[in-house]
Amino acid sequence: MHPVLILPGLGNSGPDHWQSHWERQDSSCERVIQNDWETPRCRDWVDRLDHVVGQRNGPVVLAAHSSACALVAHWAASASSPQLERVCGALLVAPSDPDGANYPPGPVGFGPVPLLPLPFPSIVVASADDRYIEPTRARQYADAWRSRFVLLQGAGHINASSGFGPWPEGYALLCALRAEEHADA
């Protein structure tokens, strides 16, 4: 299977977060380390992702959480065609709304989120009660990105504090996305 680049949101993902569980259980998962997890500039995150994707010899799948979903949209809007062709899918979980009332202060440049079709298959997973985004806004992202949309009920921000540790259902979505990519190859 193609490697998975784990893209945490603000604050990075702690040891109980599903991204950390996946990284421990699947050696093909690799976390992209950003220099600033608390008050980042989106451009810096985009540049780092572009660098990491460019270092790969083959295709990768992205697994993003929260602000990293905006990162993926910004990167896809600015990356070169050869870079974009290296990505064969993206799982975009709990996208946050940088222009929303509850977005934390500090990060710069994440909004407005590009509403352009992503040039690779993608799945957006959102929650009906996520304080960082309204379900209608999450649906707007998914529609604009031409992503499959999965809306969970009562899942909060789909992180460890919402009870999402290993999150096998999410890992199954990632595996389905990887299988979809193989079917298209």
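A nonpolar core is a set of buried Ala, Val, Leu, Ile, Met, Phe, Trp, Tyr and Cys residues joined through side-chain atoms within 4.5 Å. Keep that in mind for the first part. The model I am showing is predicted.

The largest nonpolar core here has 40 residues, and those with the most contacts inside it are Leu-7, Leu-62, Trp-75, Leu-92 and Trp-145. Several elements give two or more residues to this core, among them strand S1, helix H2 and helix H5. Helix H3 provides the largest share, eight residues. Take Trp-145: leaving out residues up to four places away in sequence, Trp-145 touches Cys-69, Ala-73 and Leu-92, among others. There is also a second, separate core of 22 residues, including Ile-6 and Val-150.

Now the charged residues. How many salt bridges does the count come to? Seven. In one of them, Arg-43 pairs with Asp-47, with the closest N and O atoms 3.0 Å apart. Both residues lie in helix H2, four residues apart, about one turn of the helix. Arg-43 is partly exposed, at 43% relative accessible area, and Asp-47 is partly exposed at 40%.

Another salt bridge joins Arg-137 and Asp-97, at 3.5 Å between the closest N and O atoms. This pair links distant parts of the chain, helix H5 and the loop between S4 and S5. Arg-137 counts as buried because its relative accessible area, 19%, is under 20%. Asp-97 is buried too, at 12%.

Last, Asp-130, in the loop between S5 and H5. Asp-130 is buried yet has no salt bridge; the nearest side chain of opposite charge, Arg-131, is 7.0 Å away. The side chain of Asp-130 does make a polar contact of 2.8 Å with that of His-157.

Definitions and conventions. Residues are numbered from 1 along each chain as its sequence is written. This is a predicted model: local features need pLDDT of at least 70, side-chain atom pairs count only at pLDDT 80 or more; totals for chains, interfaces and linings use all residues. Side-chain values use heavy atoms; hydrogens and water are left out. Buried means under 20% relative accessible area, exposed over 50%, partly exposed in between (1.4 Å probe, protein chains only). Contact means heavy atoms within 4.5 Å. Lys and Arg count as positive and Asp and Glu as negative; His and the chain ends are not counted. A salt bridge is a side-chain nitrogen of Lys or Arg within 4 Å of a carboxyl oxygen of Asp or Glu. A polar contact is a pair of N or O atoms within 3.5 Å; within protein, one must be able to donate a hydrogen and the other to accept it, and residues adjacent in sequence count only if both atoms are side-chain atoms.
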